[in-house]
Amino acid sequence: MRARVSDSFLSATAAASRPYRVRYADRLPQPLPERVLACIVRDPVAPDSDDPRVLHLPVERLAGPAVELWESVAPVRSGRDADIDYAENDALLFGQVCLPQCALDAVAGQTRTLYQRIDALIRRRGYPGLLRVWHFLEAITEGEGDQERYRQFSLGRHQAIAQMPDFESCLPAATAIGLSRGGLRVWFMATRQRARQVENPRQVSAFRYPRQYGPRSPSFSRAVLMPWADGADLIVSGTASVVGHETVHAGAPAQQWREIVENLASLQRQGAEEATAWSAEYATVYLRDAALLPALLPAIRDAFGPDVPVTILRADICRDDLDVEAEALYRADTASEPRP
Ligand code: 3EB
């Protein structure tokens, strides 16, 4: 049985049922079925496709399926608006844009303009609720002090988001990960109805990080909660071994993983009003060093259970003292009894 959602929230958001489901495949389906919003291909080699729904991530995959499909329950329209690719189904819009490396001389300005263009696109198409954003930035920790590329990226994102109305109560869930190549890739999901922002009481809101992490704070929420009519989704941001605002267990990846599990559990408790329990539908784990895989794999599998598809990728994390980060999608477990 599902717990109550506050009345005003319910009336504003309960109309739509969940408009997608996530499935996995070993290779890119050819042709891509009509009812697909996004097809993520995690492979060092780019797939042979110019379909705007195909999202390529040039990374080394250490475990899990290569292809993630966001299937739609309704017909999909896809298109291109300048260099932004998108697909929409009247409840949700999935988009991607890629800036080649040469455009990244000024990361802050490029990121600010990109966010402004994404915001304009989702409003114009009628999906004003920016729900979830993934950022993949080449050489993310290169540069000294405030010139570090991640900090410059955070500056530009903040400059754009701070212009938006009520921005501090509708920050999207996010991931920011490094790539060895590929410039800046941004994927985003936006909805007709706004989600509820979820913060983690174990962590300072990233938006409130102190000055030491850069000239402007990272503008994302720890998770977003979307109460679809047929059950809520808890969409969790990239989650690392951060307590308060500080990295904990630097140099101790196994302990970092335990801290991540605590942070994920804490976020699920924040959503307890909307679900008696949560089931992970999928998770993605980023490891700085592929050599960490054998030691961490049992604990990673244990955290999500044997039936959950977990994709493990080799990638840099945005603080160079972090070795591992995890993101997940949890679905309200409507069949379970309330927790004691
Ligand atoms: C952290 O908690 C770790 O800047 O969009 C995780 C998820 C992290 C998203 C982002 C950063 C971002 O601060 C880093």
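This is a predicted model: local features need pLDDT of at least 70, side-chain atom pairs count only at pLDDT 80 or more; totals for chains, interfaces and linings use all residues.
Which residues have the most contacts inside the largest nonpolar core?

**View 1. The largest nonpolar core, with Trp70, Phe94 and Trp134 as the residues that have the most contacts inside it.** This core has 40 residues, and strand β10, spanning residues 173–179, gives the most to it, with four residues. Apart from this core lies another one of 31 residues, which includes Leu62, Ala275, Val310 and Ala332.

**View 2. The surroundings of Trp70.** Leaving out residues up to four places away in sequence, Trp70 touches Tyr20, Arg21, Val22, Val36, Leu37, Ala38 and Ile40, and its contacts also include Phe94, Trp134, Met189, Tyr282 and Leu329. Trp70 also belongs to one aromatic cluster together with Tyr20, Tyr24, Phe94, Trp134, Phe136, Trp187, Trp228 and Tyr282.

**View 3. The stacked aromatic pair of Phe94 and Trp134.** The structure holds 12 aromatic pairs, and in the one formed by Phe94 and Trp134 the rings are 6.1 Å apart, centre to centre, with 10 degrees between their planes. The pair links distant parts of the chain, with Phe94 in strand β8 (residues 92–99) and Trp134 in strand β9 (residues 129–138), 40 residues apart. Both Phe94 and Trp134 are buried.

**View 4. Charged groups over aromatic rings, at Trp134 and at Tyr127.** The charged end of Arg132 sits over the ring of Trp134, 4.3 Å from the ring centre. At Tyr127, Arg192 lies over the face of the ring, at 4.2 Å from its centre.

**View 5. Glu327 and its polar contacts with Arg132 and Trp134.** Glu327 is found in strand β20, residues 324–332, and counts as buried because its relative accessibility is 1%, where the cut-off for buried is under 20%. Its side chain makes a polar contact of 3.3 Å with the side chain of Arg132 and another, of 2.9 Å, with the side chain of Trp134. Residues up to four places away in sequence aside, Glu327 touches Arg132, Trp134, Thr175, Val236, Ser237 and Gly238, as well as Tyr282, Ala283, Thr284 and Tyr286.

**View 6. Arg42 in strand β2.** Strand β2 covers residues 36–42, and Arg42 is buried, with a relative accessible area of 3%. The side chains of Arg42 and Glu68 make a polar contact of 2.9 Å. Not counting residues up to four places away in sequence, Arg42 touches Glu68 and also Leu57, Val59, Arg61, Ala66, Thr284, Thr311 and Leu313.

**View 7. Leu171 in the loop between α3 and β10.** The C-alpha atoms of Leu171 and Gln197 are 6.6 Å apart in space, although the two residues are 26 residues apart in sequence. Beyond its neighbours within four places in sequence, Leu171 is in contact with Gln197 and also with Ile161, Phe207, Ser219, Phe220, Ser221 and Val224.

**View 8. Helix α4, residues 253–270.** The 18 residues of α4 reach 26 Å from the first C-alpha to the last, close to the 26 Å expected at 1.5 Å a residue. Its buried residues are Pro253, Gln256, Trp257, Glu259, Ile260, Asn263, Leu264, Ser266, Leu267 and Gln268.

Definitions and conventions. Residues are numbered from 1 along each chain as its sequence is written. Side-chain values use heavy atoms; hydrogens and water are left out. A nonpolar core is a set of buried Ala, Val, Leu, Ile, Met, Phe, Trp, Tyr and Cys residues joined through side-chain atoms within 4.5 Å. Buried means under 20% relative accessible area, exposed over 50%, partly exposed in between (1.4 Å probe, protein chains only). Helices (H or I, at least four residues) and strands (E, at least two) are DSSP runs, numbered from the N terminus. Contact means heavy atoms within 4.5 Å. The expected span of a helix is 1.5 Å times one less than its number of residues. Rings of Phe, Tyr and Trp (its six-membered ring) pair if their centres lie within 6.5 Å; planes under 30 degrees apart count as stacked, over 60 as edge-to-face and the rest as tilted. A charge sits over a ring if NZ of Lys or CZ of Arg is within 6 Å of the ring centre and within 35 degrees of the ring normal. A polar contact is a pair of N or O atoms within 3.5 Å; within protein, one must be able to donate a hydrogen and the other to accept it, and residues adjacent in sequence count only if both atoms are side-chain atoms.
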